[in-house]
Amino acid sequence: MNTTWSRFNIASLVLGFAFLYLPIVLLVVYSFNESRLVTVWAGFSTKWYVSLFNNQSFIDAAWVTIRVGLISATVATVLGTLGALAMTRYTRFRGRLLFSAMIYAPLVMPEVITGLSMLLLFVAIGFDRGIWTVTLAHITFSMCFVAVVVQSRLVTFDRSLEEAAMDLGATPVTTFFKVTLPVILPAVVSGWMLAFTLSLDDLVISSFTSGPGATTLPMRIYSQVRLGVTPEINAACTILIAIVAVGVIIASIANKRREVQKARDEQAAARN
């Protein structure tokens, strides 16, 4: 019975991973296809990557996406971290329930509603749509994800470290930057990466809030797909997958090294 269940679990796991990642593998493979037909393999070639880098519309959309992603992820990380601190450290203040609801609302709200509400806001205040409206919209929906990630780390944070630092004469600001921030830094970095990835991937909200000269790469890809999938789109998606994968690998290696160094420091402190 155990063997049967074990085989069933393995088969389910293989089928699950195949369902999730086999389409991505096929997309990457066919980005090196010689033929223009994306479903017919005609040999290995990198000409579609060359064609992609010579396509100025894709290059412009990529730069817009990177700029929006970097700015929105950075601002969202700062605001999300402050929001997590407020919800964790100040458990009793007037309006906390409303504040928490405003933080968590974008997590469960459909993107269509968020995008439409942001569009109506910008139209009502007379704010011309462009790269800054897209950036503000991305900050709005991504900072809640950062707040959740950082809050989960702050819940288990040992506040006696902060109390010891302040007993030794450190100010609250110095304590935060010297004690609290280094401890929660992995969560802050994870929140930044999550916010950047969400901004990189967003299509619906960007479509509502974009304007002239603010076409993001997902919007460009979607507009091209409506006319038919080309190997250039496969190449662009492969580059996006590579960027995200490299970022995840770098973050994992840095986190692993940090954990190893922490374990060594604890062992050294125990010997002394």
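Let's start with the crossing of α6 and α8: it is right-handed. This is a predicted model, so keep that in mind throughout. Helix α6 covers residues 131-155, and helix α8 covers residues 172-201. Their axes lie 8 Å apart, and the packing angle is about 150°. Over 145 degrees counts as roughly antiparallel, so α6 is roughly antiparallel to α8.

Who makes the contact? On α6: H138, F141, S142, F145, V146, V149, V150, R153 and L154. On α8, the list includes T180, V183, I184, A187 and V188. Further along α8 come S190, G191, L194, A195, L198 and S199. What is the make-up of this contact? We get 13 nonpolar residues, 6 polar and 1 charged.

Next, T238. This residue sits in helix α11, residues 231-271. Buried or exposed? Relative accessibility is 11% for T238. The cut-off for buried is under 20%, so T238 counts as buried.

Set aside neighbours within four places in sequence, and G43 contacts F32, N33 and E34. Take F32: G43 is 11 residues from F32 in sequence. In space, the two are 8.0 Å apart, C-alpha to C-alpha.

Notes. Residues numbered from 1 in each chain as written. Predicted model: local features only at pLDDT ≥ 70, side-chain atom pairs only at ≥ 80, totals over all residues. Heavy atoms only, no water. Contact = heavy atoms within 4.5 Å. Axes fitted to C-alpha atoms, helices over the stretch in contact; angles between N-to-C directions. Helix = DSSP H or I, 4+ residues; strand = E, 2+ residues; numbered from the N terminus. Parallel < 35°, antiparallel > 145°, perpendicular 65-115°, else oblique. Left-handed = near helix turned anticlockwise from the far one by under 90°. Nonpolar A, V, L, I, M, F, W, Y, C, P; charged D, E, K, R; others polar. Buried < 20%, exposed > 50% of the residue type's maximum accessible area, 1.4 Å probe, protein only.
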